[in-house]
Amino acid sequence: KLGPYLGFMEDKTTRLLQEAPIGILTFSSDWKINFVNENFFKFGVLYRIEIPSLTNFNLIDNDLFPNNSIKDELIDLQKGYSFEKVIKTIKSHDQGIISLLVKGTPLFDNNIFSGGMLIVEDIKVVSDALKERSVKTEHIEKIINRINDFIFITDSNGEIIFSAGKNISL
């Protein structure tokens, strides 16, 4: 009795994955891509990112995002670590910032790495939120500058995005 129902649900799930407003890519334990939804490629067009042909594509042998490699993050998936990485950032017309993110999660079958999933999505931070964050940052910077220590905050690429403290100059 469940056979037709399960087939119906499988078709619905496939349609949902294909039409989701995010890019979805899955791969096997040998790093070969086995599923890519249509929206994955739309992000490449929208953000002018060159996405190579994915036919027989191996994620470790080749860079999926040539200007922003995720190979180290992919290898960490085998250890059970998920990741999130900014691939590209652009300014919007209203002076907000749009970040294109890739998120990776491992898939395990009986505690054995069986592959993973990558999700690509864009996040927009509107200019009002940026202004509010700037005010909070200035307040935090004043507090940090009152102590004798200093602090660096970096992005995932190791670039300093915030520094504060006594006698510090960059």
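Let's start with Leu-25: setting aside neighbours within four places in sequence, Leu-25 is in contact with Ile-33, Phe-35, Val-36, Phe-40, Leu-54, Leu-59, Leu-64, Gly-116, Met-117 and Leu-118. Contact here means heavy atoms within 4.5 Å.

A quick word on the ground rules. This is a predicted model, where local features need pLDDT of at least 70 and side-chain atom pairs count only at pLDDT 80 or more, while totals for chains, interfaces and linings use all residues. Residues are numbered from 1 along each chain as its sequence is written, and side-chain values use heavy atoms, with hydrogens and water left out.

**The overall picture**

The protein has 4 helices and 7 strands, and along the sequence they follow the pattern α-β-β-α-α-β-β-β-α-β-β. Helices (H or I, at least four residues) and strands (E, at least two) are DSSP runs, numbered from the N terminus. Of the 170 residues, 31% are buried. Buried means under 20% relative accessible area, exposed means over 50%, and partly exposed is in between (1.4 Å probe, protein chains only). The accessible surface comes to about 11700 Å², and 53% of that belongs to carbon and sulfur atoms; such areas come from the Shrake-Rupley method with a 1.4 Å probe, and for residues only the protein chains shown count as cover. Among contacts between residues at least 6 apart in sequence, 38% join residues at least 24 apart.

**The core and strand S1**

The largest nonpolar core has 20 residues, and Leu-25, Phe-27, Leu-59, Leu-64, Leu-74 and Leu-118 touch the most other members. A nonpolar core is a set of buried Ala, Val, Leu, Ile, Met, Phe, Trp, Tyr and Cys residues joined through side-chain atoms within 4.5 Å. S1, helix H3 (71-77), strand S3 (83-91), S4 and S5 each supply at least two residues of this core, and S5 gives the most, with 3 residues.

S1 pairs with S2 in the antiparallel sense over 3 bridges (two strands pair if DSSP finds at least two bridges between them). In S2, Ile-33 is the bridge partner of Phe-27. The hairpin has 4 residues between the strands, and Trp-31 takes a positive phi near 70 degrees there.

**Rings that meet**

There are 4 aromatic pairs in the structure. Rings of Phe, Tyr and Trp (its six-membered ring) pair if their centres lie within 6.5 Å; planes under 30 degrees apart count as stacked, over 60 as edge-to-face and the rest as tilted. Here are two of the pairs:

| Pair | Centre to centre | Angle between planes | Type |
|---|---|---|---|
| Phe-27 and Trp-31 | 5.5 Å | 20 degrees | stacked |
| Trp-31 and Phe-113 | 5.4 Å | 40 degrees | tilted |

Trp-31 lies in the loop between S1 (23-28) and S2 (33-36), and Phe-113 lies in S5 (residues 112-125), so their pair ties together parts that are 82 residues apart in sequence. Phe-27 and Trp-31 are both buried, and Phe-113 is buried too. Ring pairs link Phe-27, Trp-31, Phe-108 and Phe-113 into a cluster.

**A look at Ser-99**

Ser-99 is found in strand S4 (residues 97-109). Is Ser-99 buried or exposed? Ser-99 is buried, with a relative accessible area of 16%. Leaving aside neighbours within four places in sequence, its contacts are Val-86, Lys-88, Thr-89, Glu-121, Asp-122 and Ile-123.
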